[in-house]
Amino acid sequence: MSKKILAFGASSSKNSINKKFSQFAAKLFNDSEITLIDLNDFELPIYSIDKEQVEIPELAHKINNIIQSSDAYIISFAEHNGAYTAAYKNIFDWVTRINKNVWNNKPMLLLSTSPGPNGASLVLNIAHKTYAHSNSNTIATFSLPSFYDNFDDQKGIIDDKLNDDFNKAITTFSNAL
């Protein structure tokens, strides 16, 4: 039975390299049912307890349902000032008000990339630490530095060492499916 994998870039940029990277990784699982989402389709009001007490928005329920119906997750994180993008953090905040254990102890492949040499590794570390606290399943990670130097739309990761490290993360995630 094929697994349902949800994949997305944790960015609201229309030309997000993290969206591109998550889609690249998802295509490697051609024996699975892949759901690709764009965070722009889930634009929510800024979370606050006051707004929550009035009503949890329908879009928060919609993305929660997509998450809950998935067997595994591929998320590629963009980094804004060393942390999650506001768009991702806001969606995550709303969804946790519906289901505190958002990821349901299911396998995760956490990725990150940026144009710079750190590859958004700060936010990747934050995400891994946060999700490992509440998810006892496999969480594989990989950060791709200098996206435009190390990634080709046709070939994927062009640096051999980085590609080997990426494939190790892919194998770890795949074995958990």
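**Entry 1, ground rules.** I am working with a predicted model, in which local features need pLDDT of at least 70 and side-chain atom pairs count only at pLDDT 80 or more, while totals for chains, interfaces and linings use all residues. Residues are numbered from 1 along each chain as its sequence is written, and side-chain values use heavy atoms, with hydrogens and water left out.

I searched the whole structure for salt bridges (a side-chain nitrogen of Lys or Arg within 4 Å of a carboxyl oxygen of Asp or Glu) and found five.

One of the five joins Lys-19 to Asp-38, with 2.7 Å between the closest N and O atoms. Lys-19 sits in helix α1 (residues 17-27) and Asp-38 in the loop between β2 (33-36) and α2 (49-54), so this pair ties together parts that are 19 residues apart in sequence; helices (H or I, at least four residues) and strands (E, at least two) are DSSP runs, numbered from the N terminus. I noted Lys-19 as partly exposed at 22% relative accessibility and Asp-38 as buried at 18%, where buried means under 20% relative accessible area, exposed over 50%, and partly exposed in between (1.4 Å probe, protein chains only).

I then looked up the salt bridge between the side chains of Glu-52 and Arg-97, at 2.9 Å from N to O. Glu-52 belongs to helix α2 and Arg-97 to helix α4 (residues 86-98), so the pair links parts that are 45 residues apart in sequence. Glu-52 is buried at 17%, whereas Arg-97 is partly exposed at 34%.

My last pair is Lys-89 with Asp-93, at 2.6 Å from N to O. Both residues lie in helix α4, four residues apart, which is about one turn of the helix.
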